[in-house]
Amino acid sequence: MNDTNYHDSIVDPCMGPLNKGLGAFETPLATSAVKDLHWNLLREDVSLPTAVLYEERLQHNLEWMQQFVAEYGVKLAPHGKTTMAPKLFARQLAGGAWGITLATAHQTRVAYTHGVRRVIMANQLVGKQNMAMISTLLADPTFEFCCLVDSPDGVDLLGAFFQSRNQKLHVLLELGAEGGRTGVRNAAQQTAVLDAIARWKDHIVLAGIELYEGVLKEEADIRAFLQRAVRCAQDLALAGNFAERVTQRPVILTGAGSAWYDVVAEEFSKADIGLPLDIILRPGCYLTHDVGVYRASQAQIQTRNPVARKMRTSLLPALQLWAYVQSVPESDKAIIALGKRDAAFDAGLPLPATYYRPGSDAPVATPAHWELTGMMDQHAYMHIAEGDDIKVGDMIAFDISHPCLTFDKWRQIAVVTPTFDVIDVVQTFF
């Protein structure tokens, strides 16, 4: 694992707090061992800046999404690239998830190493070493895996490789939209891919249909795209393209990022292809949610979707970054020890939410006018007002937008209770 860009961890239990995050444990620290250390964030047992997960909100979000998919009779394979945290994968699977979605061969190997035995790789599998990585995992008969194909060239490369290994690889036909990213655009491309699969029928098995609707922006276009996928699955089932798949497992129909999963559930749950069918949604950001792009998306879901409205609750932001005020060089400016190395900034700068002065009774909400105006590698500029009660050493919690690009900056993340006791450490493997 390349740790060049990752915070080392919260504390070394032998040496006390380190300068960068949570002590560099070679393997995930057992939950019971973390609890026995009796760390508390507000007592400054944890070195800042640090990323923090809130236990109660994590559990709420996990249960909320599992209830949502159950209402539609579909299944959940959360996209693991969001967190790349095996402890969180395990919680999602224990909570009822069908499997885990991943994006690369490396991510798949990490998940397998930590016990995941059912993976959708929502991407093309290209390159000798990547194929070899998956081939090694497929030697375990308990491991279920499928990846995407969208070109005869890609199928031919996979067919030749897995023929040389005398193995079978299950693949999903990826449908794409004009102007989008991968995926077949039209009937001619689709036929060419299916013909290539037929050429390699002893080693490439068509397992189902996949798409990613997030490349489209309008609901009507997304629904039409999803309906196309259902018709495609029905046509291929009727033509016998899934004949080998159904001798072993149900056909797969899968889509759904974190913004339109409700629309995918509505359209796909209507599908009937005359064969056993697993309808699988793949949102990843629901587990921690955010206060930016995904809060906005979830608000739309709560408005348009009857199941979400009926549930009477919503997803909650469960990930924050805590950092110190390190300088107040001007009357309207504070410098925070938090930067681009610590937080996502592609979808908006972190938002000050709570601040705490060590030794005081409890954290309080930050004034509404406090706002980050810019970030450098390790510093953030925060606008304040003259006379604000803010000092060097104060602790500030920041909400974030886009959890994916915050998680990948941290090697280990504290899980805390409402009283800020650290009860677990989640390790990431990017």
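Start your tour at helix H5: what covers its buried residues includes helix H4 (105–113), strand S7 (144–149), H6 and S8. Contact here means heavy atoms within 4.5 Å. Helices (H or I, at least four residues) and strands (E, at least two) are DSSP runs, numbered from the N terminus. You are looking at a predicted model, in which local features need pLDDT of at least 70 and side-chain atom pairs count only at pLDDT 80 or more, while totals for chains, interfaces and linings use all residues. Residues are numbered from 1 along each chain as its sequence is written, and side-chain values use heavy atoms, with hydrogens and water left out.

**Stop 1: helix H5**

Select residues 128–138 to show H5, then color Met131, Ala132, Met133, Ile134, Ser135, Leu137 and Leu138, which are buried. Buried means under 20% relative accessible area, exposed over 50%, and partly exposed in between (1.4 Å probe, protein chains only).

**Stop 2: the parallel sheet**

Now bring up the open sheet of 8 strands, whose order is S4-S11-S10-S9-S8-S7-S6-S5 and whose pairing is parallel. Strand S4 (75–76) and strand S5 (100–102) are at its edges, each with a single partner strand, so one side of each has no neighbour in the sheet. Two strands count as paired if DSSP finds at least two bridges between them.

Zoom in on S7 and S8, which run parallel and are joined by 4 bridges. Pick Leu148 and you will find Leu172 of S8 opposite.

Next, show helix H8, which lies across S8, strand S9 (204–210) and S10 and runs at about 150° to S9. Axes are lines fitted to C-alpha atoms, for helices over the stretch in contact, and angles run from 0 to 180 degrees between N-to-C directions.

**Stop 3: salt bridges**

A salt bridge is a side-chain nitrogen of Lys or Arg within 4 Å of a carboxyl oxygen of Asp or Glu. Both residues lie in H8, 4 residues apart, about one turn of the helix. An α-helix has 3.6 residues a turn, so residues three or four places apart point the same way. Glu219 is partly exposed, at 30% relative accessibility.

How many salt bridges does the structure hold? There are 19.

Another one joins Glu244 to Lys168, with the closest N and O atoms 2.4 Å apart. This pair links distant parts of the chain, 76 residues apart: Glu244 is in the loop between helix H8 (219–239) and strand S10 (251–255), and Lys168 is in the loop between helix H6 (152–164) and strand S8 (169–174). Glu244 is partly exposed at 26% relative accessible area, and Lys168 is partly exposed at 42%.

**Stop 4: two helices, H9 and H10**

Select helix H9 (residues 261–268) and helix H10 (residues 293–304), which pack at an angle of about 40° with their axes 9 Å apart. H9 and H10 are therefore oblique to each other. Angles under 35 degrees count as roughly parallel, over 145 as roughly antiparallel, 65 to 115 as roughly perpendicular and the rest as oblique. To see the contact, show Tyr261, Asp262 and Val263 of H9 with Gln298, Ile301 and Arg304 of H10.

**Stop 5: strand S14 and its partners**

Is strand S14 (residues 351–356) largely enclosed or open? Because 5 of its 6 residues are buried, S14 is largely enclosed by the rest of the structure. S14 pairs with strand S18 (residues 395–399) in the antiparallel sense over 5 bridges, and Tyr356 stands opposite Met395 in S18. Strand S15 (residues 364–365) also pairs with S14 in the antiparallel sense, over 2 bridges, and Ala365 in S15 is the bridge partner of Thr354.

**Stop 6**

Click on Tyr324 in strand S12 (residues 319–330). Residues that Tyr324 touches, leaving aside those up to four places away in sequence, include Glu44, Leu48, Ile335 and Met395. Its side chain makes a polar contact with the side chain of Glu44 at 2.5 Å. A polar contact is a pair of N or O atoms within 3.5 Å; within protein, one must be able to donate a hydrogen and the other to accept it, and residues adjacent in sequence count only if both atoms are side-chain atoms.

Finish at Thr406 in helix H12 (residues 404–407). Thr406 is buried, with a relative accessible area of 1%. A polar atom of its side chain lies 3.1 Å from the backbone nitrogen of Ala344.
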